[in-house]
Amino acid sequence: MTISRRPGRRPGSADTRGEILSAARRVFAEKGFDKATVRGIAREANVDPALVHHYFDTKEGMFAAAMRLPVSPDQIVPLLLEGPREEIGERLVRLILTVTGEPETREPMVALIRSAMTNEQAETMFREFVTNALLFRVADRLEVPPLRIEAAFAQMFGIVMGRYVLRLEPLASADPEDLVQLLAPTVQRYLTG
């Protein structure tokens, strides 16, 4: 006789969401972002995949939560793409400077960047996540070659590294609005040529 599992909350732990996140961290670490699946994470957490979707709408959202990122691509992509195309460079620079401007949103991102610089698994996860969940989605929506999006990202990645990891002066203490004015035209050129 086979007992069928009912979807929904399983009996036992009251922290099912936390257990799913722990399972997601293990699966992402083992398989990387691209090869990890919602079904595989659900299996690792011993829950129904529908329950994973209940807590996390997308794999990208689950990755952001598992890695303790302050924002997910599902939040960022619409913010970047809403509004005039000729202002996307400014929106991108302002968004990154705003997200990284507050310690509670900056610190998880910097921790992941530092891990990616010294750990091959973290580097693979970070690269796959950034390219497939964020950059290629934006490139597709803007109908620009991925190289342009990657160049814009590299520009802003360098700013984040210089400002918050290396703490280069005067970059580290520069007013965000001054940086927006300085960087937005260059980033815009990458995105619209």
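# What lines the cavity, and who pairs with whom

In this predicted model, the lining of the largest cavity is made of 27 nonpolar residues, one polar residue and no charged residues.

Q: What volume does the largest cavity have?
A: Let's start with a search for cavities of 30 Å³ or more, which turns up one. The largest cavity has a volume of about 530 Å³.

Q: Which residues lie nearest the centre of the largest cavity?
A: Helix 5 (73–81), helix 6 (88–101), helix 7 (103–118), helix 8 and helix 9 each give two or more residues to the lining of the largest cavity. The lining has 28 residues in total. Nearest the centre of the largest cavity you'll find I76, I96, M109, L134 and F153.

Q: How many residues apart are F126 and F157?
A: F126 sits in helix 8 (residues 120–142), while F157 sits in helix 9 (residues 146–165). That makes it a pair linking distant parts of the chain, 31 residues apart.

Q: Is F126 buried or exposed?
A: Buried means under 20% relative accessible area. F126 has 16%, so it is buried.

Q: Which residues form one aromatic cluster?
A: F157 also pairs with F153, in a tilted pair with 5.8 Å from centre to centre and 35 degrees between the planes. F153 and F157 both lie in helix 9, four residues apart, which is about one turn of the helix. The one aromatic cluster they belong to is made of F126, F153 and F157.

Q: Is L147 buried or exposed?
A: L147 lies in helix 9. Its relative accessibility is 63%, and the cut-off for exposed is over 50%. So L147 counts as exposed.

Q: Which ring does the charged end of R189 sit over?
A: Check the distance here: the charged end of R189 is 5.3 Å from the ring centre. The ring belongs to Y190.

Q: Why does the pair R26 and E44 tie together parts of the chain, and how many residues apart are they in sequence?
A: Side chains of opposite charge can pair when their charged atoms come close. R26 and E44 form a salt bridge, with the closest N and O atoms 2.9 Å apart. R26 lies in helix 1 (residues 16–35) and E44 in helix 2 (residues 38–45), so the pair ties together parts whose separation in sequence is 18 residues.

Q: How many residues apart are R94 and E177?
A: The side chains of R94 and E177 meet in a salt bridge, at 2.2 Å from N to O. R94 is in helix 6 and E177 is in helix 10 (residues 176–192), so this pair links distant parts of the chain. The two are 83 residues apart.

Q: Which helix holds both E123 and R127?
A: A search of the whole structure finds five salt bridges. One of these joins the side chains of E123 and R127 at 2.2 Å, N to O. They are four residues apart, about one turn of the helix, and both lie in helix 8.

Technical notes:
Residues numbered from 1 in each chain as written. Predicted model: local features only at pLDDT ≥ 70, side-chain atom pairs only at ≥ 80, totals over all residues. Heavy atoms only, no water. Buried < 20%, exposed > 50% of the residue type's maximum accessible area, 1.4 Å probe, protein only. Phe/Tyr/Trp six-rings, centres within 6.5 Å; stacked < 30°, edge-to-face > 60°. Lys NZ or Arg CZ within 6 Å of the ring centre and 35° of its normal. 1 Å grid on protein atoms, 1.4 Å probe; cavity = no way out; pocket = protein on both sides within 12 Å on 5 of 7 lines; lining within 4 Å. Points joined across faces, edges and corners; volume = space filled by probe spheres on them. Nonpolar A, V, L, I, M, F, W, Y, C, P; charged D, E, K, R; others polar. Salt bridge = Lys/Arg side-chain N within 4 Å of Asp/Glu carboxyl O.
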